[in-house]
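This briefing concerns the structure shown below. Please consult the sequence and the coordinates alongside the text.

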Amino acid sequence: MNPVNYLYLSALLFAIGATGVLIRRNAIVVFMCIELMLNACNLAFVTFSRMHGNLDGQIIAFFTMVVAAAEVVVGLAIIVSLFRSRHSASVDDASLMKL
C-alpha cells in the first residue's frame with residue numbers, strides 16, 4: 001500500500017476529530033475526539049518515519065502515546081468530577097466549576 005494513502009487516512013481522522021471537538025458539547029465525546037486527533041498524528045509520524053527510513057517518527061509517536069495515557073488519567077478525573085457535581089457531562093457546565 002502506498003504511504004500517501006496512510007497520510008490521507010491520517011488527515012481524514014484528524015478532520016473527523018477536529019469536527020467532533022468543535023461541534024459536540026458532551027465532554028466524553030470531545031475527549032474521544034481529542035484522542036482520535038492524537039492517533040491521527042501518530043499515524044502521520046509513523047508514516048513519515050517509514051518513508052524516510054529512520055525511527056525518529058516512531059519515537060515521537062511513542063512519546064505521544066505516553067502523553068495521551070497521562071491525558072486519559074487527568075481528563076477522566078475532571079470529567080468524573082464534573083459529572084458528580086453537576087450530574088451532566090456537558091462542557092458548557094464546566095465553566096460553572098470555577099470558585
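The structure is a predicted model. The chain holds 3 helices and 0 strands, and from the N terminus on its elements follow the order α-α-α. The radius of gyration is 16 Å, well over the 13 Å that the globule rule gives for 99 residues, so the chain is more spread out than a compact globule.

**Overall dimensions and contacts**

- Taken along the principal axes, the box filled by the C-alpha atoms of the chain is roughly 50 × 25 × 20 Å.
- When contacts between residues at least 6 apart in sequence are considered, 49% of them join residues at least 24 apart.

**Surface and burial**

- The accessible surface of the chain amounts to about 6900 Å².
- Carbon and sulfur atoms account for 71% of that accessible surface.
- Of the 99 residues in the chain, 23% count as buried.

**Packing of helices α2 and α3**

- Helix α2 spans residues 27-52 and helix α3 spans residues 56-86; their axes come within 8 Å and cross at roughly 175°.
- Because angles over 145 degrees count as roughly antiparallel, this crossing makes α2 roughly antiparallel to α3.
- Sorted by class, the residues in the contact of α2 with α3 comprise 14 nonpolar, 6 polar and 3 charged.

**Asn 42, a buried residue of helix α2**

- Asn 42 is located in helix α2.
- The relative accessibility of Asn 42 is 8%, and Asn 42 therefore counts as buried, the cut-off being under 20%.
- With neighbours within four places in sequence left aside, the contacts of Asn 42 are Ala 61, Thr 64 and Met 65.

**Thr 47, a buried residue of helix α2**

- Thr 47 also has its place in helix α2.
- At a relative accessibility of 6%, Thr 47 counts as buried.
- Apart from neighbours within four places in sequence, Thr 47 is in contact with Pro 3, Tyr 6 and Leu 7.

**Summary of the two sites**

- Asn 42 counts as buried at 8% relative accessibility, and Thr 47 counts as buried at 6%.

Conventions:
Residues numbered from 1 in each chain as written. Predicted model: local features only at pLDDT ≥ 70, side-chain atom pairs only at ≥ 80, totals over all residues. Heavy atoms only, no water. Axes fitted to C-alpha atoms, helices over the stretch in contact; angles between N-to-C directions. Helix = DSSP H or I, 4+ residues; strand = E, 2+ residues; numbered from the N terminus. Parallel < 35°, antiparallel > 145°, perpendicular 65-115°, else oblique. Nonpolar A, V, L, I, M, F, W, Y, C, P; charged D, E, K, R; others polar. Rg over C-alpha atoms; globule rule 2.2 N^0.38 Å. Buried < 20%, exposed > 50% of the residue type's maximum accessible area, 1.4 Å probe, protein only. Contact = heavy atoms within 4.5 Å. Areas by Shrake-Rupley, 256 points an atom, 1.4 Å probe, with all protein chains shown as cover.
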